[in-house]
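Have a look at the fold first, then read on.

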Amino acid sequence: MYSWRELNSKISEMSEQELLGLMDAELEGARRTTVLVRLHQRYTMVRCTRERDDMLRKLGTTPAVEHCSA
């Protein structure tokens, strides 16, 4: 379980799987709304970037540096 400060310092380095695991743990444990929303915001950004990169690779295009905004 992370404090708000710890979460914000580490969240940018987390993978989709790590974020999903933390969301599940939050739902089963502390159930903090603000933490769950923040985890979900980051998860959707990471997922969006991966999905866009996958689509661009299928087109034979190099994935852009731009990221989804969430």
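## Shape and source

The radius of gyration here is taken over C-alpha atoms, and the globule rule is 2.2 Å times the number of residues to the power 0.38. By that rule a compact globule of 70 residues would come in near 11 Å, but this protein has 14 Å. Its C-alpha trace spans about 45 × 20 × 15 Å along the principal axes.

It's a predicted model, so to speak of ground rules: local features need pLDDT of at least 70, side-chain atom pairs count only at pLDDT 80 or more, and totals for chains, interfaces and linings use all residues. Numbering starts from 1 along each chain as its sequence is written, and side-chain values use heavy atoms, with hydrogens and water left out.

## Helices

The protein has 3 helices and 0 strands, in the order α-α-α along the sequence. Helices are DSSP runs (H or I, at least four residues), strands likewise (E, at least two), numbered from the N terminus.

## Core and contacts

Buried residues (under 20% relative accessible area, 1.4 Å probe, protein chains only) make up 24% of the 70. The largest nonpolar core has 9 residues: L7, I11, M14, L19, M23, V35, L39, Y43 and V46. Such a core is a set of buried Ala, Val, Leu, Ile, Met, Phe, Trp, Tyr and Cys residues joined through side-chain atoms within 4.5 Å. Both α2 (16–28) and α3 (33–58) supply at least two residues of this core, and α3 gives the most, with 4.

Leaving aside residues up to four places away in sequence, M14 touches Y2, L7, L19, L22 and V46, where contact means heavy atoms within 4.5 Å.

Key. Buried means under 20% relative accessible area, exposed over 50%, partly exposed in between (1.4 Å probe, protein chains only).
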